[in-house]
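Hi everyone, thanks for coming. Let me put the structure up and walk you through some of its charged pairs.

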Amino acid sequence: MKKEINSHLRTEGDINFSDARKNWAERNNDPATTAMLAADSKYFLHQSLSTPCLDVLKSCDGIYITNLQGKSYIDFHGNNVHHLGYRNKYILDRVKAQMDELPFSPRRFTNPVAVELAERLVSLTNGVLSRVLFAPGGTSAIGIALKLARVVTGKYKTISMWDAFHGASMDSITVGGEYMFQKDIGPLIPGNIHVPPPDNYRGMWSKPESEDGDIAYADYIEYVIEKEGDIGAVVAETIRSTDVKVPSRAYWKRVREICDKHGVLLILDEIPICLGRTGAVFTYQQYGIEPDILVIGKGLGAGVVPMAAMLCREEYNVAGHISLGHYTHEKSPLGAAAALAALDYMEEFRVLDHVQKMEAYMCERLQKMYNQYSIIGQVRGMGMLWGVELVKDRTTKEKDTATAEKVMYRCMESGLSYKVSAGNVLSLYPPLITEQHQLAKAMDIIEEAIRYVTK
């Protein structure tokens, strides 16, 4: 089991059956918490990253989650649904009002709030992506995008990235690149080809000293397209959220050019990073490109209602003869109400401006830690999406998974929750409403934990 822990199981998050996790439980869980965790383990089907759970939550508010014992954590994880904080009254009031009027809309009918959300999302793309389908989750929206790409192009082959995460259904783990979701499953859907993701730290083709040092990864995509000859779509995360891999502007410009040249659709997955996480409504806008198909979710439902969407270009409205989604909650009035409230809140309270200011603060604080602690191999991020990679040696870049786990649990004891990705990356996703003094407290906790563990 130790060998497995050190290989594929660390890609998406921290390990829930390590010795450090057991020690945490022994030190921090009271009898009531232990009993509830045991009940959870008894009744829910076990799966990695979920069983056993770490703690039991009782309440939440703003940037905080609170457990049964009354201990509160600043939540820098939140499964990326907590962009605008927990129990945001502005959003909850709108959702409650919608519940009193129309909580559910049968699929054969439409409703004003769903239509309004579709129109609003289209406007946020400046009309470039003018057609929308909603889905009850990001995984389902990815499935819609993959089916639409086949109908539009007449081709079933796709290119996607190793290490990527697009969801946990059979079609989404096919284009995903993490072994932990594919292990023991058997043959996946045929036609997908994986390529290396852009990586300016560990990548075999990267030139970190150059602004376009990851361009070779884009060139390899063209190489595969030319060799295969019948690729229909490239599927990729605009920025790899989990361990925060940030491609260069040149990379995405080149990929867009390649797709245009060869008639290949570009499908961008921004499920965890849409709606302001990187300082723009949609992350592709940071790169000066436009996708053919965009998939969003998580924060779209404002941490209240599961909600996702696929947006595409007008000319792809050619699948009226088949059912691409056909989900029971496809035009959820509650989900649409939550999303519209979130968009209104962002506009009224100038959330994007705040994210851009906090980006500068987080970058400055994390860079100071990099300069002071040699265990930090790289700091990378954009907006309020940051990763801190811990290594045993900056020259060899060997991952320090043991220390990363110790630092995380030290932070948990001090009231800060986040996850460790790829085994050694402290993945920091603060709610976008986090104030600078709250960020300062979180940064202090991280720095103290690194100092304590490595002293």
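Arg365 and Asp444 meet through their side chains in a salt bridge, 2.9 Å from N to O; by salt bridge I mean a side-chain nitrogen of Lys or Arg within 4 Å of a carboxyl oxygen of Asp or Glu. Arg365 sits in helix 12 and Asp444 in helix 14, so the pair ties together parts 79 residues apart in sequence. Helices here are DSSP runs (H or I, at least four residues), numbered from the N terminus.

A word on the source: this is a predicted model, where local features need pLDDT of at least 70, side-chain atom pairs count only at pLDDT 80 or more, and totals for chains, interfaces and linings use all residues. Residues are numbered from 1 along each chain as its sequence is written, and side-chain values use heavy atoms, with hydrogens and water left out.

Is Arg365 buried or exposed? Arg365 is buried, at 13% relative accessible area, while Asp444 is partly exposed at 43%. The cut-offs are under 20% for buried, over 50% for exposed, and partly exposed in between, with a 1.4 Å probe and protein chains only.

Staying in helix 12 (residues 351-372), Glu364 and Lys368 are four residues apart, about one turn. They form a salt bridge too, with the closest N and O atoms 3.6 Å apart.

Now over to Glu347 and Arg120, whose side chains form a salt bridge at 3.6 Å, N to O. Glu347 is in helix 11 and Arg120 in helix 5, so this pair links parts 227 residues apart in sequence. Glu347 is exposed at 60%, but Arg120 is buried at 18%.

Methods:
Helix = DSSP H or I, 4+ residues; strand = E, 2+ residues; numbered from the N terminus.
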